[in-house]
Amino acid sequence: MRKVVFGIDLGGTHIKAGIVDRGGEVLKHTVAPTLAGQGREALLARLCAIIADFRAYSASAGLLPAGIGVGTAGYVEPLKGRVAYATPNLPGWTGLQLREALEQASALPVAVANDAHAMAVGEAWLGAGRPYGDFICVTLGTGVGGARVIDGAPDYGSSGFAGGFGHMVIAWDGRPCNCGLSGCYEQYASVTALLRLASEAGLRGEALPDGAKSIFALASAGHPAASAVIAQYAEYTAVGLINLAHALNPQAIVLGGAVTTQGDALLEPIRRIVRERAMPIYRDTPIVAAALGNAAGEVGAAKLAWNRLSSG
C-alpha cells in the first residue's frame, strides 16, 4: 500500500489539511473553520474528526496512513509537541500537550511545530524557498508569524520559539495587541489589520463581500479609499520586512498567507518601499510570494511528519 501522512495547518481562522505522499503530492485536501472561540476540547474534537475522515478516505483509496504533522498557531516546543503559549486567537491552547493528545487519539506518530515554521518547511521543500539556503518566511493571516530557514530546516531558537515576528514592536505607543504589548507588527501587517484599515476608511459589510480580496478588487477598479488602504497596509508591512532584512540579512523573504495571492498588487508597493527605505546594502533582498499558496502549511506539516518517521 502507498504510505501517506496527514498534514494539518491550524490557524486562527481556518484549519487546512491534506493527505500527502512522500513526494509532497496532496491527494486529498479539506478546509474547515477553526471556531477557536468554542474552546480547546471542541477544537481538538474538530482535529480528530478531520483525522477520522482522512483515515476513512485512505482505507477506500488503498492508502496507508503512517503519521501526522501539525503546524499550529502559538509558540511550540517542537521536541515535546507542547504549545507553550498561544495568544487569545486560540483560547485554552496554552499548555496543551498537542502531540500527546493526537497520538492517543490516532495511534499514529505525530510531529508538531508552529504554523509558520511548518509553512517555511513546505516552502523550503517544494516552494519558493528552494533556490535559497537562507531565507525568511513571514505569514500574513489572522496574526503574523514567521521563521528563518537555514539549509532547509527552520531555526527554532533556544527553546523552539524563534520567529515571533508578529510581536516585534514597531510603534511603542501603538495599537494594543492581544499578547499584552502595544504596537506589535501584527497589529499593522496582519489581514485582520488590513480589514480594520478598510473599516476605518468606510469600507465594510456589503462593500467587502470577499473580505481582503474585495479591497484589492475595488482598488483595481480605481476606488480611491481602497487604493489608499492598500498603500498604507503595504507601508506597514514593509516596515517589518526592513527590520528583518537589517537584522538577519537573508537571501530572500517569502511572504505567505491568502492575501499574497493578490500578487504584484500587494508585492510591488512593498518592494518599492523596501527599496526606498532600507539601507542600501539590503534594498535588493528578493521579496517573493509563497509558491505553495494556502497549501504551504499543510505540506510543510506533512514534511515534518515524514522527517519524524525517517528519524525513528
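Reader: How do the residues of the lining of the second largest pocket divide into nonpolar, polar and charged?

Author: The model is predicted. In the lining of the second largest pocket, 13 residues are nonpolar, 3 are polar and 3 are charged. The space in this pocket comes to about 420 Å³. Its lining has 19 residues, and those closest to the centre are Pro78, Ala111, Tyr156, Leu304 and Asn307. Four elements each give at least two residues to the lining: strand S7 (110-114), helix H3 (115-126), strand S10 (153-154) and helix H9 (296-311). H9 has the largest share, with 5 residues.

S10 leads on to the sheet. This is an open sheet of 5 strands with mixed pairing, in the order S10-S9-S8-S11-S12. S10 is an edge strand, as is strand S12 (287-289), and each of them pairs on one side only. Further in, S8 and strand S9 (residues 144-150) run antiparallel and are joined by 7 bridges. One of the residue pairs here is Phe135 with its bridge partner in S9, Val149.

Cys137 also belongs to S8, which covers residues 134-140. Cys137 counts as buried because its relative accessibility is 0%, below the 20% cut-off. Leaving aside residues up to four places away in sequence, Cys137 touches Met119, Ala120, Glu123, Gly145, Gly146, Ala147, Phe165 and Val254. Ala296 is 159 residues from Cys137 along the chain, yet their C-alpha atoms are separated by 11 Å.

Note on methods
Residues numbered from 1 in each chain as written. Predicted model: local features only at pLDDT ≥ 70, side-chain atom pairs only at ≥ 80, totals over all residues. Heavy atoms only, no water. 1 Å grid on protein atoms, 1.4 Å probe; cavity = no way out; pocket = protein on both sides within 12 Å on 5 of 7 lines; lining within 4 Å. Points joined across faces, edges and corners; volume = space filled by probe spheres on them. Nonpolar A, V, L, I, M, F, W, Y, C, P; charged D, E, K, R; others polar. Buried < 20%, exposed > 50% of the residue type's maximum accessible area, 1.4 Å probe, protein only. Contact = heavy atoms within 4.5 Å. Pairing = 2+ DSSP bridges.
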